[in-house]
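Please look over the sequence and the model below before reading on. The paragraphs that follow lead through a few of its parts in turn.

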Amino acid sequence: MTASGIPRECRRLAEVDFPIAEVSRHAAREKSIRHGHPSTLHLWWARRPLASSRAVLLALLLPDPCDEHCPEEFKRRAREFLSPVRQPPKTDVELRKALLWFIGSFANWDMAAHKTYLQVGRNLVRAAHGGDDPPLVVDPFAGGGSIPLEALRLGCDAFASDLNPVACLILKVMLEDIPRHGPGLADELRRVGGEIKAAAQQELADLYPPDPDGATPIAYLWARTVRCEAPNCGAEIPLMRSFWLCRKPKRKWALRPTVVRRTASTGHSTGGPGSAKATQSPEPRAQSPEPRAQSRVRDLRAAC
Ligand SMILES: C[S@@+](CC[C@H](N)C(=O)[O-])C[C@H]1O[C@@H](n2cnc3c(N)ncnc32)[C@H](O)[C@@H]1O
Ligand SMILES: [Zn+2]
């Protein structure tokens with residue numbers, strides 16, 4: 001981060017105080033935000049909350065007004081820029097408090113795109129670093145891009161890189177493509193996605209023939225199988241830990257296996273291969289116990 005405008009000896013706000021409790025609250029709440037959050041663009045496992053990234057950046061970019069080396073010009077302009085959101089602070093201590101209050105409030109997801117808050121945040125950074133040459137925030141381990149995204153939000157220049165090519169693609173789309181092309185990019189993506197889906201459906205249709213009842217399979221589960229060794233059985237038993245597909249309270253889906261016995265002694269099949277059909281039931285537990293294979297495999301011998 002460049003230090004233009006702030007003397008080297010001057011401490012940054014983050015070095016003296018930080019609204020940890022408030023920022024943590026906003027960061028925790030942000031996890032449940034689905035609409036419009038970059039986490040919905042692509043999963044990234046180590047993604048940092050935008051709330052804390054924004055707050056820490058601001059606290060690192062701004063000087064502490066109580067520091068003896070803090071430029072008077074910054075204090076004057078900071079008081080002026082804070083006025084749309086807070087009573088103008090008189091003393092240096094009050095100004096420090098007001099800046100910390102703003103950092104905590106701006107960490108709120110609801111304020112991230114609020115015009116006034118955005119402008120105040122950018123103005124404060126400009127007051128600290130000068131307007132002509134915005135500070136450069138460098139994040140060489142940028143992952144999902146929370147830090148460079150928030151740096152751009154605060155009017156800084158940002159440099160982001162990562163070892164992982166998936167992270168690099170996320171960074172490129174989020175930091176370059178979306179700002180450059182705007183909402184039209186989403187429409188274009190949907191259009192191209194539709195084309196790819198239609199082409200894939202055509203190409204893969206042979207591999208997903210309709211079931212006898214007309215239903216179209218959308219996926220196959222693969223499992224190793226063993227033959228039941230009980231006399232006169234020979235059924236094929238899939239080695240699966242559970243037949244549950246979905247256990248959400250209102251969406252319970254499970255595979256219900258159909259046992260097709262094949263007489264072991266003759267090898268004569270009394271039907272087609274063993275099959276399993278997905279069934280839905282509001283209360284599968286009530287109707288049938290756990291939809292688990294009622295079979296036992298012990299010492300490499302199996303019986304159903
Ligand atoms: C903790 S994550 C960063 C998370 C990021 N701040 C975010 O909000 O998503 C660390 C990142 O460092 C990257 N990384 C690890 N070693 C690296 C290296 N030698 N050079 C560049 N990136 C590296 C990983 O791929 C990972 O994305
Ligand atoms: Zn059997």
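Which of the 15 residues around ligand 1 come nearest? They are Phe 141, Gly 143, Gly 144, Ser 146 and Leu 163, where a residue is counted as near if its C-beta atom, placed from the backbone, lies within 6 Å of the molecule. The model is predicted, with local features needing pLDDT of at least 70 and side-chain atom pairs counting only at pLDDT 80 or more, while totals for chains, interfaces and linings use all residues. Residues are numbered from 1 along each chain as its sequence is written, and chains are lettered from A and ligands numbered from 1 in the order in which they are written.

Ser 146 also belongs to a helix contact: the axes of helix α3 (residues 50–61) and helix α7 (residues 146–153) come within 9 Å and cross at roughly 55°, the axes being lines fitted to C-alpha atoms over the stretch in contact, with angles from 0 to 180 degrees between N-to-C directions. Helices here are DSSP runs (H or I, at least four residues), numbered from the N terminus. On the α3 side the contact is made by Leu 50, Ser 53, Arg 54 and Leu 57, and among its α7 residues are Ser 146, Ile 147 and Leu 149.

Elsewhere, Ala 78 is found in helix α4 (residues 72–82). Ala 78 is buried, because 26 other C-beta atoms lie within 10 Å, and the term requires 20 or more, with C-beta atoms placed from the backbone. The C-alpha atoms of Ala 78 and Leu 99, 21 residues apart along the chain, are separated by 8.4 Å.

How values were computed:
Helices (H or I, at least four residues) and strands (E, at least two) are DSSP runs, numbered from the N terminus. Two residues are in contact if their C-beta atoms, placed from the backbone, lie within 7 Å. A residue is buried if 20 or more other C-beta atoms lie within 10 Å of its own, exposed if 12 or fewer, and partly exposed in between; C-beta atoms are placed from the backbone.
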